[in-house]
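Please keep the sequence and the structure in view while reading.

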Amino acid sequence: FNSHHHDWNGQDTSQKAVKAIVDSYRIDDPASQPIKLVSQEFLAEKKKEIQLSTFKRKESNIANFISWIGDTDVTNVDKRIAGKYVSYLIESKDPASNTLSNITSDIGSLFRWAEARGFIERNPFYNLQLPKSKKNVQKRRPWSNDEILKFLQYKKIELNDFGATAIALYSGMRLGEICEMKKSDISEDCFHIHKGKTSAASRVVPINSVLKTVINKLFEKSKDGYLITDISPGGDDNKRSWNFQKRLGRIRKEIELPKNVVFHSLRNT
């Protein structure tokens with residue numbers, strides 16, 4: 001019965017036999033709340049509320065935790081076990097600080113929901129003390145003038161690449177916002193952004209006169225009503241920026257721009 005536990009040192013047992021006996025106990029005791037069943041109910045609700053990519057990450061992190069601890073009753077998970085799982089991740093995976101924070105946040109959201117629904121008394125992942133990052137992570141920085149010119153004058157740069165970069169420089173728009181921008185969203189010399197990454201994303205951005213020539217060219221090229229035309233959506237959320245962002249990343253790599261000089265940091269340039 002304990003062979004699934006992370007501290008188990010004995011011989012492997014027949015998992016089918018264990019499952020059959022455990023299932024019989026659950027039938028006999030309806031009050032039992034196996035963590036796997038609780039997580040399925042939680043994820044079924046969350047799937048309707050969050051983006052597919054976020055859902056898949058959350059689902060994966062919760063599944064990894066259940067695989068580590070075994071399908072125990074949800075009430076058996078306490079703060080000590082939560083802490084041991086964090087230690088296990090640090091020792092075996094050595095994740096970046098942000099990655100570790102995302103993992104514990106995703107698992108914690110399950111227990112926060114379980115607490116609100118009365119399955120447990122307290123969320124064991126609440127207020128965990130996570131270690132500070134020791135890795136030397138390069139922070140994004142603004143582009144230099146030379147880097148901008150090197151990128152825009154590269155032989156593989158096409159109108160979409162040039163246009164998106166110029167718009168980002170003179171508007172502060174994110175790549176996703178630029179790729180979702182339709183010709184009909186441009187009026188009165190302004191970009192009209194209806195939705196985006198944050199609640200403040202909906203806004204109107206004046207168009208700098210420098211951009212008018214490239215915008216006219218993008219208008220002429222457009223075949224589908226979008227300002228950045230003829231790009232293939234991708235990723236779990238089927239975003240228009242998915243494959244385009246990868247293309248821009250490959251070009252930056254080819255011309256050997258620093259890793260911390262990315263499209264998003266054009267907003268700070």
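The expected span of a helix is 1.5 Å times one less than its number of residues. Helices (H or I, at least four residues) and strands (E, at least two) are DSSP runs, numbered from the N terminus. The model is predicted, so local features need pLDDT of at least 70 and side-chain atom pairs count only at pLDDT 80 or more, while totals for chains, interfaces and linings use all residues. Residues are numbered from 1 along each chain as its sequence is written, and side-chain values use heavy atoms, with hydrogens and water left out.

**Helix H4**

How far apart are the end C-alpha atoms of helix H4? They are 20 Å apart, which agrees with the 20 Å that the 14 residues of H4 (residues 79-92) should span. The buried residues of H4 are Ile 81, Ala 82, Tyr 85, Val 86 and Leu 89; buried means under 20% relative accessible area, exposed over 50%, and partly exposed in between (1.4 Å probe, protein chains only). Seen down the axis of H4, these buried residues fall within an arc of 145°, so they line one face of the helix. The arc is that of the directions from the helix axis to the C-beta atoms. On the face turned away from the buried side, H4 carries the exposed residues Arg 80 and Glu 91. Helix H3 (52-69) and helix H5 (97-116) are among what covers the buried residues of H4, with contact meaning heavy atoms within 4.5 Å.

**Nonpolar cores**

A nonpolar core is a set of buried Ala, Val, Leu, Ile, Met, Phe, Trp, Tyr and Cys residues joined through side-chain atoms within 4.5 Å. The largest has 34 residues, of which Phe 151 and Phe 191 touch the most other members. Helix H7 (159-171) and strand E2 (190-193) are among the elements that each supply at least two residues of this core. H7 gives the most, with four residues. A second, separate core of 28 residues includes Ile 81, Leu 110, Phe 119 and Phe 125.

**Positive phi angles**

Most residues other than glycine have a negative phi. The table lists two exceptions.

| Residue | Phi | Relative accessible area |
|---|---|---|
| Asp 230 | about 60° | 58%, exposed |
| Asn 238 | about 55° | 52%, exposed |

Asp 230 lies in the loop between helix H9 (212-221) and helix H10 (241-254), and Asn 238 also has its place in the loop between H9 and H10. Just after H4, Asp 94 takes a positive phi of about 50°.
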